[in-house]
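Hi,

Here is the structure I promised to pass on. Have a look at it first, and my notes follow below.

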Amino acid sequence: MSMSMLEACVFAVIFIGFFGIIFKKNLIMKILAMDVMSTGVIAYYILVAARGGIFAPIVDADQGAIAYADPVPQAVILTAIVIGFSIQALMLVGVMKLSRDNPTLETSEIEKSHTP
Amino acid sequence: MIDDITIIWILLPFVVGFSIYLLPRWNRYFALAIAALSVVYSIGLLWSLEPFTLELLDSFGVTLMFDELSGYFILMNGLVTGAVLLYCFDKQKSPFFYTQLVILHGAVNATFCCADLISLYVALECIGIAAFLLITYSRSDRSLWVGLRYLFISNTAMLFYLIGAVLVYQASNSFAFSGLAVAPKEAIALIFLGLLTKGGIFVSGLWLPLTHGESETPVSALLSGVVVKAGVFPLARCALLVPELDPVVRLFGVGTALLGVGYAVFEKDTKRMLAFHTVSQLGFVLAAPAVGGFYALTHGLVKGALFLTAGQLSSRNFKVLREQSIPRAYWWVLVLACASISGLPFLAGYSSKILTMKNILPWQSFALNVAAVGTAISFAKFIFLPKKTDPSLKILPNFYGAIVLLLGGLFVTNSFYLEAYQPSNILKALVTIGIGWLAYGLIFQRITVKLPRVVEQFEHLVGVMSLVLTGLFWLVLA
């Protein structure tokens with residue numbers, strides 16, 4: 001698959017996630033949609049890293065110059081993955097507590113009862 | 001030498017933050033020491049006035065940048081955190097609260113000195129998590145919803161920011177802020193969307209009133225005084241580093257100054273009024289990015305004092321407060337803080353406002369003067385509250401400690417810009433306030449306008465992001 005095709009797919013994932021956040025009614029589904037969106041963003045970093053090549057960036061004297069993948073975006077997105085995952089976990093715990101009094105977890109209902 | 005001190009100062013809050021969780025008896029003192037350290041460090045920074053840059057781990061590593069601008073922001077962070085800690089001193093908060101407070105302090109400090117996109121991302125996300133845990137400290141359903149809403153909005157905005165960051169990397173092979181100059185336009189739009197949302201600017205900032213209004217008193221003081229500036233500071237810094245971005249930032253400054261004050265003059269709830277007014281004041285910071293630091297400092301001090309005092313009053317409704325009248329001690333605090341933010345001479349709010357007004361472009365001045373009148377109108381609501389003597393009222397010494405720190409800071413920092421005291425400036429400030437109070441007495445006190453809150457709904461907040469993004473594309477492409 002060509003690079004631009006992959007790029008289009010990645011952006012499609014990001015948009016699907018973003019629209020999921022808006023159009024899904026259930027709070028859990030919204031959080032999952034945000035996860036889809038962040039998966040798209042992570043994939044985009046990987047795509048950018050792979051522009052120059054797809055080999056693991058480990059220098060090997062015997063092989064000579066190979067088209068290595070750029071290690072910087074990968075290293076950076078690793079941090080973002082960890083942060084994204086911890087935020088998801090935190091939000092899901094919050095949702096668990098909310099679900100005791102709002103078993104349907106419909107955002108509009110929760111919002112109505114908590115907007116003064 | 002200075003490098004080592006800087007690195008220790010940045011790391012210490014995180015080390016101390018986690019370790020004071022294990023020392024429940026000492027946590028308050030350690031937390032106060034961290035805030036004091038930031039104050040000392042920032043005064044040193046402002047005193048030496050020599051900008052310097054630290055590059056850790058060569059060109060792909062962390063870039064830190066220190067100058068006058070960051071000095072003011074760090075001073076603000078130290079003073080407001082210190083005041084909030086004093087306020088909470090005998091409130092029996094759990095060690096968890098202090099841990100989060102100190103980590104939040106450290107993360108905010110980090111945003112005020114980092115100069116590359118990824119360190120900024122990490123610091124902002126850290127702020128998001130710590131602020132969420134502070135907002136939900138009471139564990140009530142409402143606080144959980146408010147916190148979740150905050151975390152959701154900020155995390156979604158930061159995902160857009162990340163896309164922008166990698167586009168900058170693609171163009172300049174580095175994540176440093178200066179790469180924005182060669183970055184594609186869409187990268188700038190995406191990064192700005194993230195920062196505008198995080199900083200509560202213009203329509204992206206409409207999440208802010210509910211969050212700041214519904215949090216506990218000390219937490220809203222901290223959020224409104226310090227935490228939103230973590231999103232504003234990078235915008236100001238980008239405007240200074242990349243001249244092409246300067247007009248965009250200034251435009252957003254003017255827009256948010258008017259939007260926030262437009263809501264604030266009609267608001268009947270004390271804490272929501274203060275929160276809307278924060279949206280407006282951030283506009284003044286961005287309207288003249290080069291001198292925004294001083295304005296942010298005075299605003300942080302005032303907002304901290306106002307939120308802490310508003311939390312002591314018997315009601316949040318201005319109408320009820322007018323009928324019941326408020327204790328004289330609180331009234332004095334409110335008057336001093338309101339006088340500063342409205343720009344009455346002899347308080348730092350006056351000199352910072354004059355300094356900002358001096359550094360704005362001609363096209364901005366009309367809008368910002370209107371916003372200044374609006375500020376005077378909004379705060380007349382506090383100033384003209386009836387006062388009473390209440391002998392049964394007991395004010396705890398720690399409340400006074402916090403207020404003395406904040407208002408004392410206002411008196412002292414007033415001396416940072418003594419050139420402001422010229423007859424024409426004083427006259428202008430007095431006329432602005434006079435018009436504002438007159439308008440309040442004649443018009444705004446009598447009318448009741450209830451602005452719709454539909455734009456503050458969660459789905460609309462997320463939807464607005466796509467609109468702002470589209471708007472930003474047009475703005476930076478133009």
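**What I found**

In chain B, 81% of the contacts with a separation of 6 or more are between residues 24 or more positions apart, where a contact means two C-beta atoms, placed from the backbone, within 7 Å. Before you read on: this is a predicted model, in which local features need pLDDT of at least 70, side-chain atom pairs count only at pLDDT 80 or more, and totals for chains, interfaces and linings use all residues. Residues are numbered from 1 along each chain as its sequence is written, with chains lettered from A and ligands numbered from 1 in the order in which they are written.

Chain B first. The chain has 20 helices and four strands; these are DSSP runs numbered from the N terminus, helices being H or I with at least four residues and strands E with at least two. The C-alpha trace spans about 65 × 55 × 45 Å along its principal axes. Of the 478 residues, 58% count as buried (20 or more other C-beta atoms within 10 Å of a residue's own; exposed is 12 or fewer, partly exposed is in between, and C-beta atoms are placed from the backbone).

One helix to look at is H4 of chain B, residues 95-111: 15 of its 17 residues are buried. H4(B) reaches 25 Å from first C-alpha to last, close to the 24 Å expected at 1.5 Å a residue (that is, 1.5 Å times one less than the number of residues).

Two loop residues other than glycine have positive phi. Asn173(B), with phi near 55 degrees, sits between helix H6 (141-172) and helix H7 (185-199) of chain B and is partly exposed, with 14 other C-beta atoms within 10 Å. Phe202(B) has phi near 50 degrees and lies between H7 and helix H8 (208-214) of chain B, but this one counts as buried, with 26 C-beta neighbours inside 10 Å.

Now the interface: which helix of chain A gives the most to the side that touches chain B? The contact takes 27 residues from chain A and 30 from chain B. On the chain A side, H3(A) gives the most, with 12 residues. By class, that side has 18 nonpolar, six polar and three charged residues (Ala, Val, Leu, Ile, Met, Phe, Trp, Tyr, Cys and Pro count as nonpolar, Asp, Glu, Lys and Arg as charged, and the others, Gly among them, as polar).

Cheers
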